[in-house]
Amino acid sequence: MGQDGDEDQPSPPAGSPISQALRRLGAVAGAGEDEFSAVGLHRHRHNEAWIA
């Protein structure tokens, strides 16, 4: 699954543009996660989760 993007597309080696921007802002991803998850945005990765 591509990080922060279309599930059918692989992420580029440097990460998605969102992950790259979060990294520039100081986000640090741990093992098995991306910067999007590291800052707590993973809850909003899929629109369906916003309804729940």
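Author: This is a predicted model, and across the chain the pLDDT averages 79, with 73% of the residues scoring at least 70.

Reader: How do you know where in the chain confidence is lowest and where it is highest?

Author: The mean for helix H3, residues 47-51, is 71, which is the lowest, while H1 has the highest, at 92. Over residues 1-5 the pLDDT is below 50, although in the model this stretch has 20 contacts beyond near neighbours in sequence.

Reader: What makes the pattern of the chain α-α-α?

Author: The chain contains 3 helices and 0 strands, and reading along the sequence gives α-α-α.

Reader: Why is the pair formed by Arg23 and Glu35 called a salt bridge?

Author: The closest N and O atoms of Arg23 and Glu35 are 3.0 Å apart, and the definition asks for a side-chain nitrogen of Lys or Arg within 4 Å of a carboxyl oxygen of Asp or Glu, so the pair qualifies. The structure holds 1 salt bridge.

Reader: What does the pair tie together?

Author: Arg23 lies in helix H1, residues 17-24, and Glu35 in helix H2, residues 35-38, so the pair ties together parts that are 12 residues apart in sequence.

Reader: How much of the chain do buried residues make up?

Author: Of the 52 residues in the chain, 23% are buried. The accessible surface of the chain comes to about 3,900 Å², and 56% of that belongs to carbon and sulfur atoms.

Terms used. Residues numbered from 1 in each chain as written. Predicted model: local features only at pLDDT ≥ 70, side-chain atom pairs only at ≥ 80, totals over all residues. Heavy atoms only, no water. Helix = DSSP H or I, 4+ residues; strand = E, 2+ residues; numbered from the N terminus. Buried < 20%, exposed > 50% of the residue type's maximum accessible area, 1.4 Å probe, protein only. Areas by Shrake-Rupley, 256 points an atom, 1.4 Å probe, with all protein chains shown as cover. pLDDT = per-residue confidence, 0-100. Contact = heavy atoms within 4.5 Å.
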